[in-house]
Amino acid sequence: MVRSVPRSIRQSIGLLLASLAGALAFALLGLVPILGQTVIPVLSAGFGSWMLIIELIATPFQRRGLLRIADRRSAMARRRARTLGFAVPTFLLMAIPFISVLAFPAAAAGATMLARDLLRSDP
């Protein structure tokens, strides 16, 4: 358990930096006329959804011995439609105040089921 603390800190910092870079990029692209009001919000929601699910499926993957973020990303990439089909509505529900309090336990349970499905479909 003590060995997992430095790994968790490194992964958290990596995800934080990736999220910050994405937020900065989407904020700057949001200033572009027309594109910033149409396409960028959709891409930003997709990116935020992907980052949220990377975090939500961490525990089920770790319990199965898959400790790296690359393991999660590769499993998610193989089933991209299924992953985004769960991730986008979850992300949008989490963005609504008070609803997120009710949605988070369901999102955690759903992410566990998604992780199980992603791992079952691995070659």
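Which residues are linked in a network of salt bridges? Arg79, Arg82, Asp117 and Arg120 form that network, where a salt bridge is a side-chain nitrogen of Lys or Arg within 4 Å of a carboxyl oxygen of Asp or Glu.

## Model and conventions

This is a predicted model, in which local features need pLDDT of at least 70 and side-chain atom pairs count only at pLDDT 80 or more, while totals for chains, interfaces and linings use all residues. Residues are numbered from 1 along each chain as its sequence is written, and side-chain values use heavy atoms, with hydrogens and water left out.

## Overall fold

The chain has 6 helices and 0 strands, and its pattern along the sequence is α-α-α-α-α-α. Helices (H or I, at least four residues) and strands (E, at least two) are DSSP runs, numbered from the N terminus. Along the principal axes, the C-alpha trace spans about 50 × 35 × 30 Å.

Of the 123 residues, 29% count as buried; buried means under 20% relative accessible area, exposed over 50%, and partly exposed in between (1.4 Å probe, protein chains only). Among contacts between residues at least 6 apart in sequence, 67% join residues at least 24 apart, contact meaning heavy atoms within 4.5 Å.

## Packing of α1 and α2

Helix α1 (residues 4–29) packs against helix α2 (residues 35–56) at an angle of about 175 degrees, and the two axes are 10 Å apart. Axes are lines fitted to C-alpha atoms, for helices over the stretch in contact, and angles run from 0 to 180 degrees between N-to-C directions. The two helices are therefore roughly antiparallel; angles under 35 degrees count as roughly parallel, over 145 as roughly antiparallel, 65 to 115 as roughly perpendicular and the rest as oblique. From α1, the contact takes in Leu15, Ala18, Ser19, Gly22, Phe26 and Leu29; from α2, it takes in Gly36, Ile40, Leu43, Ser44, Phe47, Met51, Ile54 and Glu55. By class, this contact has 9 nonpolar, 4 polar and 1 charged residues. Here Ala, Val, Leu, Ile, Met, Phe, Trp, Tyr, Cys and Pro count as nonpolar, Asp, Glu, Lys and Arg as charged, and the others, Gly among them, as polar.

Two further residues of these helices are buried. Gln11, in helix α1, has a relative accessible area of 14%. Leaving aside residues up to four places away in sequence, Gln11 touches Gln62, Leu67, Arg68, Ile69 and Arg72. Ala45 belongs to helix α2 and has a relative accessible area of 17%.

## The buried side of α4

In helix α4 (residues 69–78), the buried residues are Ile69, Asp71, Arg72, Ala75 and Met76. They lie on the same side of α4, because they cover an arc of only 160 degrees around the axis; the arc is that of the directions from the helix axis to the C-beta atoms. These buried residues pack against α1, α2, α3 (58–63), α5 (80–94) and α6 (99–120).

## Salt bridges

The structure holds 4 salt bridges. One of them joins the side chains of Asp71 and Arg68, at 2.9 Å from N to O. Asp71 is buried at 16% relative accessible area, whereas Arg68 is exposed at 52%.

Arg82 and Asp117 form another, with their closest N and O atoms 2.9 Å apart. Arg82 is in helix α5 and Asp117 in helix α6, so this pair ties together parts that are 35 residues apart in sequence. Arg82 is partly exposed, at 44%, and Asp117 is buried, at 13%. Asp117 also pairs with Arg120, the closest N and O atoms being 3.1 Å apart. Both residues of that pair, Asp117 and Arg120, lie in helix α6, 3 residues apart, about one turn of the helix. Arg120 is exposed, with 57% relative accessibility.

## Positive phi in two loops

Ile34 is not a glycine, yet has a positive phi of about 65 degrees. Ile34 sits in the loop between α1 and α2 and is exposed, with a relative accessible area of 67%.

Phe98 also has a positive phi, near 70 degrees, in a residue other than glycine. Its place is the loop between α5 and α6, and Phe98 is exposed at 73% relative accessibility.
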